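Dear colleague,

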Amino acid sequence: MSQIQIETNPSYPVIIEKGLLNILGKSIKPFLKGKLLIITDENVDSFYGRVIAEQMNENNIEWDKYIIVPGEESKSLEVYGRILEYMAAHNFHRNDTVLAFGGGVVGDLSGFTAASFLRGIDYIQVPTTLLAAVDSSVGGKTAVNLKEGKNLVGAFKQPKAVLCDPDLFATMKEERFLDGVAESIKYGILRDEELFAEFETPLTQRDARLSNIIERCVKHKAEVVKKDEMEKGERQFLNLGHTIGHAIEKASGYEVSHGHAVAMGMGMMARACEKIGVLKKDNRERILKVLEKNGLPTKTSYSTEDLFGKVYKDKKCSSDKITIIEIERIGKCRLHKILIEDFREYIEKGRV
């Protein structure tokens with residue numbers, strides 16, 4: 001078992017332990033004051049619903065469950081509203097807790113629900129995907145989508161704890177596992193060349209390196225969040241590949257998954273940064289090769305105009321400017337504020 005303390009206000013632990021699902025009830029009980037609402041999706045519930053019920057009952061936890069349809073479409077104001085109505089109708093109170101048992105959609109939706117129900121109640125994250133484990137379960141960002149774009153309505157709400165069992169990733173579809181690989185590679189490109197080198201041998205779902213890689217990614221995110229919890233400065237680095245990635249997701253009607261879109265965004269930024277003279281050719285080639293070796297795409301068929309039209313809806317825009325992340329070398333990036341109009345050139349240079 002490894003435990004990382006996230007130094008926010010309030011602080012909380014991230015516990016990474018293989019087989020943690022089998023002691024989940026015992027593990028969450030110290031964080032509970034009242035009853036528990038478990039929010040999960042149909043796919044996750046079909047795999048783990050029985051063992052969750054056993055764990056809650058064996059540990060005498062008063063609990064209820066709300067199951068959503070899998071996928072980005074559930075991260076909506078409509079579904080969010082239905083959960084709030086359910087909680088009010090079933091007499092949840094301020095000393096109760098929400099438990100997010102699922103991937104990023106479940107985590108974001110659950111966190112925002114907890115942030116706003118009765119002006120805020122506790123919640124716990126149990127990520128069931130690699131993507132959620134290394135990224136969205138840690139740091140306190142919660143949100144739902146609008147028709148105009150991703151994560152446009154939300155709040156910063158830190159969980160009471162994050163409990164991560166890498167064994168859960170064995171049941172994932174490979175495509176979804178690779179979403180998490182993309183976000184993990186991101187940390188290597190941003191600030192850890194040794195971590196990046198780990199992916200030169202492709203990561204697999206039952207890989208012995210999983211726990212260590214998750215721990216390293218979480219430690220990197222913890223360091224960034226400690227310095228900039230509200231994303232006013234350094235935390236913006238974590239958006240590497242995301243501005244283009246979100247545009248690709250939106251253009252595809254969310255048929256392209258988040259991690260695959262971010263991989264395309266990172267690949268395109270690597271090409272663009274080489275062409276503008278920021279990144280050396282050998283680093284660009286190495287980034288593209290690692291993404292491709294891990295089964296991830298590095299370019300998109302959407303046109304420059306298709307993507308650029310979506311950038312104005314990105315929450316990282318401020319008036320007529322946007323902050324982008326340029327790659328200087330593997331392990332070192334920089335923030336660069338530019339006119340939104342000038343970002344068209346980055347997209348164009350990154351496409352080929």
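Contact here means heavy atoms within 4.5 Å of each other, and a residue counts as buried when its relative accessible area is under 20%. Please note that the model is predicted.

I begin with helix 8, which covers residues 210-227. Its buried residues are Leu210, Ile213, Ile214, Glu215, Cys217, Val218, His220, Lys221, Ala222, Val224 and Val225. These buried residues pack against strand 1 (2-6), strand 2 (12-16) and strand 9 (161-164), and also against helix 5 (130-136), helix 6 (174-191) and helix 7 (193-198). From first C-alpha to last, the 18 residues of helix 8 reach 26 Å, close to the 26 Å expected at 1.5 Å a residue.

Helix 10 (residues 258-275) also has 18 residues, which should span 26 Å at 1.5 Å a residue; the end C-alpha atoms are 26 Å apart, so the two values agree. Helix 10 is mostly covered, with 16 of its 18 residues buried. After helix 10 comes Gly277, which has a positive phi, near 90°.

The remaining item is a helix pair. Helix 9 (residues 242-251) packs on helix 12 (residues 304-311) at an angle of about 105°, and their axes are 8 Å apart. Because angles of 65 to 115 degrees count as roughly perpendicular, helix 9 is roughly perpendicular to helix 12. Helix 9 contributes Thr243, Ile244, Ala247, Ile248, Lys250 and Ala251 to the contact, while helix 12 contributes Leu307, Lys310 and Val311. By class, the residues of this contact are six nonpolar, one polar and two charged.

Yours sincerely

Key. Residues are numbered from 1 along each chain as its sequence is written. This is a predicted model: local features need pLDDT of at least 70, side-chain atom pairs count only at pLDDT 80 or more; totals for chains, interfaces and linings use all residues. Side-chain values use heavy atoms; hydrogens and water are left out. Helices (H or I, at least four residues) and strands (E, at least two) are DSSP runs, numbered from the N terminus. The expected span of a helix is 1.5 Å times one less than its number of residues. Buried means under 20% relative accessible area, exposed over 50%, partly exposed in between (1.4 Å probe, protein chains only). Axes are lines fitted to C-alpha atoms, for helices over the stretch in contact, and angles run from 0 to 180 degrees between N-to-C directions. Angles under 35 degrees count as roughly parallel, over 145 as roughly antiparallel, 65 to 115 as roughly perpendicular and the rest as oblique. Ala, Val, Leu, Ile, Met, Phe, Trp, Tyr, Cys and Pro count as nonpolar, Asp, Glu, Lys and Arg as charged, and the others, Gly among them, as polar.
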